Amino acid sequence: MLDIRFIRENPEVVKNACRVKGFDDNVDEILALDTRVRELKTITQNMTAEKNKITREIPTATDKAPLIARSKQIGDEIAADLAELADKEAKLNDLMHRVPQIPDASAPIGPDDSANVEVRRVGTPREFDFTPLAQWDLLDLNGWWAPEKIAQICGTRTYCLIGEAAELQLAIETYVIQKLIKKGFRFIECPSITKPQTIFDAGHFMGADLSIMNNDVFMLTGTDRCLAGTAEIILNSLHSGEILSENELPIKYAGFSPCFRKEAGAAGRDTRGLARFHQFNKVEQYVFCKPEQSDEMHELLLNNLCEVMEDFDLPYRVIANSTGDMGFNKVKMNDVEAWVPSENAYKEVGSCSSIGTFQARRTNTRYRENGTNEVKFCATLNNTGIAVPRALVPFLENNQNADGSVNIPEKLQPLMGGRTKIGGKH
């Protein structure tokens with residue numbers, strides 16, 4: 001969320017953010033509520049002071065009745081004002097949690113992904129001297145999955161990799177984790193079960209009503225818990241309520257967890273193959289830093305994912321997401337998209353996001369500045385390290401051979417027992 005002082009001092013900036021991101025503009029109502037809340041706090045404080053003064057005078061007064069009557073009247077007025085204050089604060093709190101983050105000036109302005117801008121392309125899509133197979137055909141040919149059986153056992157939008165494909169997925173996850181550790185990231189294996197408040201504190205949902213998450217989040221019936229859709233949720237709250245030392249920043253985490261999403265509203269989209277499931281695994285990059293370090297950290301996280309694409313011999317491009325496509329809590333966002341031959345298109349494999357102090361204000365994660373001892377909010381950033389099985393789609397298709405086998409890039413071979421390829425017609 002934003003600082004109310006920032007909204008008071010920059011109402012037009014906030015209104016513009018609502019406009020370019022496509023969210024309701026509640027700025028005027030917020031400012032009116034803020035003014036009334038502050039008035040009521042002053043009124044109740046003054047009246048409480050007056051009531052306390054009268055209370056002290058009553059024991060020594062000759063005529064106590066007028067003082068007692070006045071004390072009761074003030075008490076009734078305070079009660080009415082406190083009731084109004086509670087109502088106004090609740091409304092203000094809800095609206096404050098509906099104000100989007102201010103987008104960076106460099107972000108393309110537009111209503112949706114049609115306004116996204118390509119930043120760069122790396123690698124050239126492969127020209128095959130045979131008709132390449134789509135990912136699902138490669139999986140079928142090699143017996144690397146059993147979608148019908150798994151759907152029968154577990155329901156739709158579930159998957160199970162078998163044999164060498166399962167080994168490949170584990171090798172990819174391990175490779176990325178080891179790469180990030182070598183770059184100074186601290187590895188954390190995160191739980192997938194969490195509290196709804198933790199998801200709310202990551203700023204992915206608007207308003208103060210946690211039940212709004214029910215359409216997208218798997219709630220665990222009969223408990224106060226739910227399933228997280230990304231390790232970012234857990235990592236974001238890892239230092240909640242803490243005041244860190246400036247010398248500790250930046251803190252870089254590589255979190256791994258199974259991820260769970262209802263994918264509500266996504267029916268018919270990417271439902272064939274390995275693109276969209278209720279459960280998947282993801283390595284997540286996450287950073288706490290000083291706000292002035294944010295741009296540097298954004299490039300670091302973005303380049304890490306780009307390096308992984310190059311390590312796996314995947315042609316890719318980087319996209320600057322528009323204001324209407326970047327989402328509620330982001331300052332800046334870049335998608336990394338890998339080339340998928342069967343679709344003749346680049347498809348997203350990860351998103352790099354700068355959040356500013358938006359999440360840290362919700363979790364009250366701060367640091368103490370050297371020299372001044374001033375306590376300030378941290379900035380946070382996140383980016384995919386790798387998400388599987390989604391990343392297997394371009395991996396399998398780009399590295400396939402005419403016999404249905406799949407080449408293993410050199411850097412991944414040690415984690416695949418030295419094999420240079422897997423699968424193929426026998």
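Pro389 sits in the loop that runs from strand E13 (379–388) to helix H12 (392–398). Helices (H or I, at least four residues) and strands (E, at least two) are DSSP runs, numbered from the N terminus.

You are looking at a predicted model, in which local features need pLDDT of at least 70 and side-chain atom pairs count only at pLDDT 80 or more, while totals for chains, interfaces and linings use all residues. Residues are numbered from 1 along each chain as its sequence is written, and side-chain values use heavy atoms, with hydrogens and water left out.

## The whole chain

Let's step back for the overall view. The chain has 12 helices and 15 strands, and its C-alpha atoms fill a box of roughly 110 × 50 × 40 Å along the principal axes. Of its 426 residues, 50% count as buried. Buried means under 20% relative accessible area, exposed means over 50%, and partly exposed is in between (1.4 Å probe, protein chains only).

The accessible surface of the chain is about 19,900 Å², and carbon and sulfur atoms supply 50% of that area. Such areas come from the Shrake-Rupley method with a 1.4 Å probe; for residues, only the protein chains shown count as cover. Now for contacts, meaning heavy atoms within 4.5 Å: among those in the chain with a separation of 6 or more, 73% are between residues 24 or more positions apart.

## Two nonpolar cores

A nonpolar core is a set of buried Ala, Val, Leu, Ile, Met, Phe, Trp, Tyr and Cys residues joined through side-chain atoms within 4.5 Å. The largest one here has 53 residues, and those with the most contacts inside it are Leu168, Ile172, Leu274, Met309, Leu396 and Leu412. Helix H7 (residues 164–182) gives this core its largest share, 8 residues. Apart from it lies another core of 22 residues, including Ala228, Leu244, Leu249 and Ala360. In soluble globular proteins, nonpolar side chains tend to be buried together.

Not counting residues up to four places away in sequence, Leu168 touches Leu392, Phe395, Leu396, Ile408, Leu412, Met416 and Ile422.

## The loop between H6 and H7

Leu161 lies in the loop between helix H6 (147–154) and H7. Is Leu161 buried or exposed? Its relative accessible area is 12%, so Leu161 counts as buried. Beyond its neighbours within four places in sequence, Leu161 is in contact with Leu139, Trp144, Ala166, Gln169, Leu274 and Leu392. For a sense of distance, look across to Asn370: it is 209 residues from Leu161 along the chain, and their C-alpha atoms are separated by 51 Å.

Arg157 is found in the loop between H6 and H7 too. Although Arg157 is not a glycine, it has a positive phi of about 60°. Arg157 counts as buried because its relative accessibility is 18%.

Asn364 is another residue that is not a glycine but has a positive phi of about 60°. You can find Asn364 in the loop between helix H11 (358–363) and strand E11 (366–368). With 31% relative accessibility, Asn364 counts as partly exposed. Ser237, in the loop between helix H9 (231–236) and E5, counts as buried at 17% relative accessibility. Leaving out residues up to four places away in sequence, Ser237 touches Thr198, Asp201 and Thr363.

Finally, find Asp224 in the loop between helix H8 (196–201) and strand E4 (226–227). Asp224 is partly exposed, with a relative accessible area of 48%. Which residues does Asp224 touch, not counting those up to four places away in sequence? They are Thr194, Lys195 and Pro196. Pro196 is 28 residues from Asp224 in sequence, yet their C-alpha atoms are 7.6 Å apart in space.
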